[in-house]
Amino acid sequence: MATFGAEDEFSVVQAAPDVFTKAKSLVGTGLLILALPVALVALWWGASINGLVSPQVLPRPDWVVQTFLDLLASGDIIAAAAVSFRRIAEGFLIGATLGFFFGLLIGKSRTADAYLGPTFRALAAVPSLGWLPVLILLLGIEESLKIVILAKACFVPMAISTAEGARNIPAGLTEVAQVLGLRKRTRFLKLTIPAMAPFIASGVRLSLSQAFISLIVVEMLAGTDGLGYMMAWGRTLFQLDIVIVGMIVVGVVGFVLDILLKRAEALICKRSAANG
Amino acid sequence: MRRLLSTFLLAATVTFGAATAHAEDAPGTIRFGDVGFGFGTPFGVGLQAIADAKGFIADEFKGTPTKVEFTYFTGTGPAINEALSNGQLDFASYGAVPNIIGKANGLDTVILASYGGTTIFGAARPDLEIKSISDLKGKKVAIQKATIIHWGLITALKNAGLSEKDITIVDLKNADQLAAIAAKSVDAVFGADFLLPLEDKGVAKIFYKSSEAGASGDGFGAFLVTDKFRKAYPEATQKVVTGFVKAAQWLADDKNRDEAFKIWSRAGTPIEVISKSNSGSQLGQKYNPRLDEFFVARYRSAIAFNREQKLIRRDVDLDAWVDPTYVDNAVKTLNLQSLWPDRSAAGVLQN
């Protein structure tokens, strides 16, 4: 029962932070987050205005803004982003779902882990890029190729996190459930899932960030549309302003996504701790 | 002006390093860029690779402190444009489509010589009835867009009375093209001699070879210098071009054919493939360095292609870009007028 005590304390600390300190730290974090990008843009601006870097390779920030507005007005960037996000959504849905069940399997069953674990870990260690030629051979160059690569990218972190979560269900909780004689279904929904929630949440976050990285790679290599292809094409045309616009869009979206998911994760952790 | 000056200073510092400014005609290191292939140390497959391997350009600077340095970019055209723009290269030889893209985006290059021709091949799935360009109608064709191969395909389609709209183009890198045709995701591919092994493996049939499609079917490109270098070192520029022309002269001699193939095979393509790719073409004519009407006409066609495909936003002034004086000078001093007489725009010799 010692686990309960510890978790209670933990949730109390998290639930009642000093409002003033929180506001102060929020402003502080905001400044910290912005300091580096602002410094980078200043450096970029200074270097390009003084001609320290080639204007073709590192175009001036205002040109990049102009290109961004042009791409926005022509709808190119929206179209590219829509294609990319649809791919992420599909890949994530398939990959994360499969990853969750696979993680549950190898986390819960020692036999399954003994049979499947090593193969899974070996395959997971091969980066998506290495899979590309084989997958092109199997799937061609159509949409399914990209979805499978993204699904694989989501599958791995999701499975690892879920398995970790399944192994880490406190022994005390399992004992209680046994004493209470809970039905399998109830036990799964009321005990297993809440206890695993923090792990699942971090699995989701890792999956999505992996999907994001793989997306750009797969679109750059074997794509004909999407944000990654837009960047590769911009480089081919020696219009690096397009590449920089792509980098900024991907960076900002990735960053916002990460913050949102971190928030959600913290929320889930808090609730699961409070419930536990 | 200040920008220009500081760029120049930066480039100069990089170029000469500690060796302070020499007299006008002795640059410390002359840096050459070329398209490269192969693992480990990439190598080139054109005229410049011969000039490098046989030391033709280095020999021009024998006894002077000037060194020559060759870099082969596996990132092909775009990587060379970036390197030129960053002041990392003085000379480069690469395909017409990317160097027009570079010029249109403001690179200060000058064309000094033609780098000759590259043979473009078309390969199709063996289970399809594709025997000529006109059979491509309604088919899916993989190429790497914005390259001279892209130009080659569009030009071949036009010559066969078709247009881009009659086929579906899929933009893929070389390695992915091979996988795509093997997987039957595309019906045909267009590329350089890297497609030839597909036929031996039974994955595809070669149905098109640009050198058999008349004088103007082959791919082309140029040997360029940065305007900055040309202005600062006109004599060194002449020496480089003379060395380059000597390499072409060496290639024109049939007894050097096998050695040339051996040199090019350093880029990873087996000698048999290279010799198959070049069968039926005289290397002396294929690697003609002259900037005559024929060359200019082909560049005009490539510029029009770049405009049509919206690869460039601004036009390129070809007359100001091409400077034939160096190559003409070299051809005259080496007495090679009879080897490479003037060609008309259509590729007919004018004597």
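1. Lys310(B) is exposed in this predicted model. There are 8 other C-beta atoms within 10 Å of Lys310(B), and a residue counts as exposed at 12 or fewer, so Lys310(B) falls in that class. In chain B, Lys310(B) sits in the loop that runs between α14 (293–308) and α15 (318–321).

2. Between the chains, helix α6 (residues 128–139) of chain A packs with helix α7 (residues 174–182) of chain B. Their axes are 7 Å apart and meet at an angle of about 30°. Angles under 35 degrees count as roughly parallel, so α6(A) is roughly parallel to α7(B). The crossing of α6(A) past α7(B) is right-handed.

3. On the side of α6(A), the residues in this contact are Pro133(A), Ile136(A) and Leu137(A). They meet Ala175(B), Asp176(B), Ala179(B), Ala180(B) and Ala182(B) of α7(B). Sorted by class, the contact between α6(A) and α7(B) has 7 nonpolar residues, 1 charged residue and no polar ones.

4. As for chain A as a whole, its secondary structure consists of 11 helices and 0 strands. The C-alpha trace of chain A spans about 75 × 55 × 30 Å along its principal axes.

5. Chain A has 276 residues, of which 34% are buried. Among contacts in chain A with a separation of 6 or more, 75% are between residues 24 or more positions apart.

Key. Residues are numbered from 1 along each chain as its sequence is written. Chains are lettered from A and ligands numbered from 1 in the order in which they are written. This is a predicted model: local features need pLDDT of at least 70, side-chain atom pairs count only at pLDDT 80 or more; totals for chains, interfaces and linings use all residues. Helices (H or I, at least four residues) and strands (E, at least two) are DSSP runs, numbered from the N terminus. A residue is buried if 20 or more other C-beta atoms lie within 10 Å of its own, exposed if 12 or fewer, and partly exposed in between; C-beta atoms are placed from the backbone. Axes are lines fitted to C-alpha atoms, for helices over the stretch in contact, and angles run from 0 to 180 degrees between N-to-C directions. Angles under 35 degrees count as roughly parallel, over 145 as roughly antiparallel, 65 to 115 as roughly perpendicular and the rest as oblique. A crossing is left-handed if the near helix is turned anticlockwise from the far one by less than a right angle, and right-handed if clockwise. Two residues are in contact if their C-beta atoms, placed from the backbone, lie within 7 Å. Ala, Val, Leu, Ile, Met, Phe, Trp, Tyr, Cys and Pro count as nonpolar, Asp, Glu, Lys and Arg as charged, and the others, Gly among them, as polar.
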